[in-house]
Amino acid sequence: MREGEPSRTAFGAAALRAVHQEADDPRIFTDPLARRILGRAELPDRAWNQPRLRLFIAVRHRFAEDALAAAVARGTRQVVVLGAGLDTFAYRNPFPGTRVFEVDHPATGAWKREQLVEVGIEVPDAVTYVAVDFERDSLSERLVEAGFDASAPAFFLWLGVVPYLSDDAVRATLAVVAAVPDGEVVLDYLKAVEHAPSAAYSDRASLEEQVAQAGEPLSPGRDPDHVHTLLRDAGFDEIEDVGRREIRARYLGLPPGEAEGDSHVVRARVTRP
């Protein structure tokens, strides 16, 4: 991340969401603010030339917000967007009575608030910004200071972040989510390179090169068993993992196929007291 600018990966994800609105049929996920929040910035060519990655970005948001709808139906009224970047959920939140906490690095959060003013996106009263320097601050303490009720259920959106973190950092954040009653999180991860299918390798190599050049290198990747172990060790007892085969069947209406992809999105919930 450069001083005074959003994370380049956050910008890239927003650009992919914006292009998805125009280029893909069927449209998996509708985000009317994805293009607006980027302001006058041009959409990079790679956003138009990476259909596989664009599809996954759309699916992870659709999957997450479908899961959130189910949580709200059960009574959850707190939503935490971790590493919010240029995510727009807080400004198109369809769930009256919910409170949204946007958590991000102080510099990114400040830039985003300025950008929202510049492009004319209204910030609802139910949105609270939480500035967290993850190298120095306690996430749980910062949330509570901002008005988060740690004794009430909450849903955590944690998209586009885990692939850049160490296991220790992932464990620390999962512990915060799991400590909340009926705590639920949706996150995404990349398989370790040695477990990634050859069909996805060129896309993966391109992505790794792009984010490394932006100064935001990916972690080595994780296999599903390892991710599920991290979740279970943290206390999550309900886990739903969606990979390429499930994406094809659930969102594209296609046969699952034999090949697996290297990108997964996971929903995990603590259901036991």
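Glutamate 238 stands opposite arginine 269 in strand S7. That pair belongs to the meeting of S6 and S7 (residues 263-269), which pair in the antiparallel sense over five bridges. The model is predicted. The chain holds nine helices and seven strands. Of its 273 residues, 51% count as buried.

**The sheet**

- The seven strands form an open sheet with mixed pairing. Their order is S3-S2-S1-S4-S5-S7-S6.
- Strand S3 (127-131) and strand S6 (238-242) stand at the edges. Each has a single partner strand, so one side of each is left without a neighbour in the sheet.
- Neighbouring strands of this sheet are turned by 20° against each other on average, with direction ignored.
- Helix H3 packs on the sheet. H3 touches S1, S4, strand S5 (184-190), S6 and S7. The direction of H3 makes about 10° with that of S7.

**The nonpolar cores**

- In soluble globular proteins, nonpolar side chains tend to be buried together.
- The largest nonpolar core here has 46 residues. Those that touch the most other members are Leu38, Leu68, Leu86, Phe89, Phe155, Leu157 and Val186.
- Leucine 68 touches Val79, Phe89, Phe95 and Phe155, leaving aside residues up to four places away in sequence.
- A second, separate core has 31 residues. Its members include Phe101, Leu143, Ala178 and Ala268.

**Helix H1**

- H1 has 16 residues. From its first C-alpha to its last it reaches 22 Å, close to the 22 Å expected at 1.5 Å a residue.
- Of those 16 residues, 13 are buried, so H1 is largely enclosed by the rest of the structure.

**Helix H6**

- H6 (residues 167-178) has twelve residues, which should span 16 Å at 1.5 Å a residue. Its end C-alpha atoms are 16 Å apart, which agrees.
- Val170, Thr173, Leu174, Val176, Val177 and Ala178 of H6 are buried.
- The cover over the buried residues of H6 includes S1, helix H5 (139-145), S4, S5 and helix H8 (224-234).

**Backbone points to check in the loops**

- Most residues other than glycine have a negative phi, and most peptide bonds are trans.
- Proline 26 is found in the loop between H1 and helix H2 (45-48).
- Aspartate 182 is found in the loop between H6 and S5.

**Whole chain**

- Consider contacts between residues at least 6 apart in sequence: 73% of them join residues at least 24 apart.
- The chain exposes about 12600 Å². Carbon and sulfur atoms supply 49% of that area.

Definitions and conventions
Residues are numbered from 1 along each chain as its sequence is written. This is a predicted model: local features need pLDDT of at least 70, side-chain atom pairs count only at pLDDT 80 or more; totals for chains, interfaces and linings use all residues. Side-chain values use heavy atoms; hydrogens and water are left out. Helices (H or I, at least four residues) and strands (E, at least two) are DSSP runs, numbered from the N terminus. Buried means under 20% relative accessible area, exposed over 50%, partly exposed in between (1.4 Å probe, protein chains only). Contact means heavy atoms within 4.5 Å. Accessible areas come from the Shrake-Rupley method with a 1.4 Å probe; for residues, only the protein chains shown count as cover. A nonpolar core is a set of buried Ala, Val, Leu, Ile, Met, Phe, Trp, Tyr and Cys residues joined through side-chain atoms within 4.5 Å. Two strands pair if DSSP finds at least two bridges between them. Axes are lines fitted to C-alpha atoms, for helices over the stretch in contact, and angles run from 0 to 180 degrees between N-to-C directions. The expected span of a helix is 1.5 Å times one less than its number of residues.
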